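Welcome! Here is a short briefing to read alongside the sequence and the 3D view. Take a look at both before you go on.

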Amino acid sequence: MDIFGIPIQALLGQLMLGIVNGSFYAVLSLGLAIIFGVLKIVNFAHGAFFMLGAFTAFLLAQYMGANYWVTLAVAPLAVALFGMAFEFLFLRRLYGLDPIYGLLLTFSLVLVLEGGFRIAFGSSGQPFATPDLLRGTLNLGFMVLPLYRGFVIVSALLLCLATWFIIERTSLGASLRAATERAELTQAFGINVPRLITLTYGVGVGLAAFAGVLAAPIFHVNPSMGSSLVIIIFAVVVIGGLGSIMGAIVTGLGLGVVEGFTRVFYSEFSSTIVFLVMVLVLLLRPAGLFGREEG
């Protein structure tokens, strides 16, 4: 059966590819939205943390013999700790200053990390094996789904929903939102706001690293793997609404699907459709689809 002259199998294949890409967009933009919503820092290094998560998993597997499940747990935690140290030593000094300083500092971190890994491992990339448990395919009747890509979708959605629940429905999330809006008052109630901010930055970059580990078996692990995503992720966050948790999740998944279908009907336009949507949203609703209008 064809739809608009396109075989249904091709549409379903692109739909699945779009959902997989959208899963990466959702996790990455969620981390970026958390960081901007709390720290008001334009974290240009988010793609570098994505790459760092993939390389940490690769190094753990290559030189320490860790299996995939160990790397999936340890790599995001290691990158989160590195991010917390970076926030404590450097970013903390820039709060209250013009956002351009934070952007320049995080961009410098991108250059250092990408340059260092390019010198150590080259630019061609390193293969990362799919875990044995997730090899093979699953016949859904209307299409054949690779098991690992199904795992990526499910784990990304569960992580996004868990993060949303913690931030929006728990006392920890309430403290975090209070620290964002009334830092001095929150501190007066005995909550260590600087420590909470450091922890939040660690969670944000840990989410990026988790997405990097998920991406490692699909893409070759290479120093530039985050650079190609970071601009799209910024567009996703802007479309969803700066600092909006649900906006980042829904917009990331939705734009992945839109991008996938665009490849079917007009492939040359697929690399720019996200930015066209961003322009239209900014014209019609400057605060983003899920953002709150100020004033």
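Is Arg118 buried, partly exposed or exposed? Arg118 is partly exposed, with a relative accessible area of 32%. Here buried means under 20% relative accessible area, exposed means over 50%, and partly exposed lies in between (1.4 Å probe, protein chains only).

This is a predicted model, in which local features need pLDDT of at least 70, side-chain atom pairs count only at pLDDT 80 or more, and totals for chains, interfaces and linings use all residues. Residues are numbered from 1 along each chain as its sequence is written, and side-chain values use heavy atoms, with hydrogens and water left out.

**Salt bridges**

- The structure holds 4 salt bridges, each being a side-chain nitrogen of Lys or Arg within 4 Å of a carboxyl oxygen of Asp or Glu.
- Arg118 pairs with Glu114, their closest N and O atoms being 4.0 Å apart; both lie in helix 4 (residues 99-121), 4 residues apart, about one turn of the helix.
- Glu114 counts as buried, at 10% relative accessibility.
- Glu259 and Arg263 form another salt bridge (3.9 Å, N to O), and both lie in helix 10, 4 residues apart.
- Glu259 is buried, with a relative accessible area of 4%, while Arg263 is partly exposed at 32%.
- An α-helix has 3.6 residues a turn, so residues three or four places apart point the same way.
- Asp132 and Arg135 also form a salt bridge, with the closest N and O atoms 3.1 Å apart; Asp132 is exposed at 62%, and Arg135 is partly exposed at 47%.

**Helix 2**

- Helices are DSSP runs (H or I, at least four residues), numbered from the N terminus.
- The 19 residues of helix 2 (residues 46-64) should span 27 Å, and its end C-alpha atoms are 26 Å apart, which agrees; the expected span is 1.5 Å times one less than the number of residues.
- Helix 2 is mostly covered, as 14 of its 19 residues are buried.
- Gly65 follows helix 2 and has a positive phi, near 70°.

**The largest pocket**

- A pocket is an open set of points on a 1 Å grid over the protein atoms alone, where a 1.4 Å probe fits, with protein on both sides within 12 Å along at least five of seven lines; lining residues have an atom within 4 Å of a point.
- The largest pocket holds about 850 Å³ of space.
- Its lining has 27 residues, with Gly37, Leu242, Gly243, Ser244 and Arg292 nearest the centre.
- Helix 1 gives the largest share of this lining, 5 residues.

Conventions
Helix = DSSP H or I, 4+ residues; strand = E, 2+ residues; numbered from the N terminus. Points joined across faces, edges and corners; volume = space filled by probe spheres on them.
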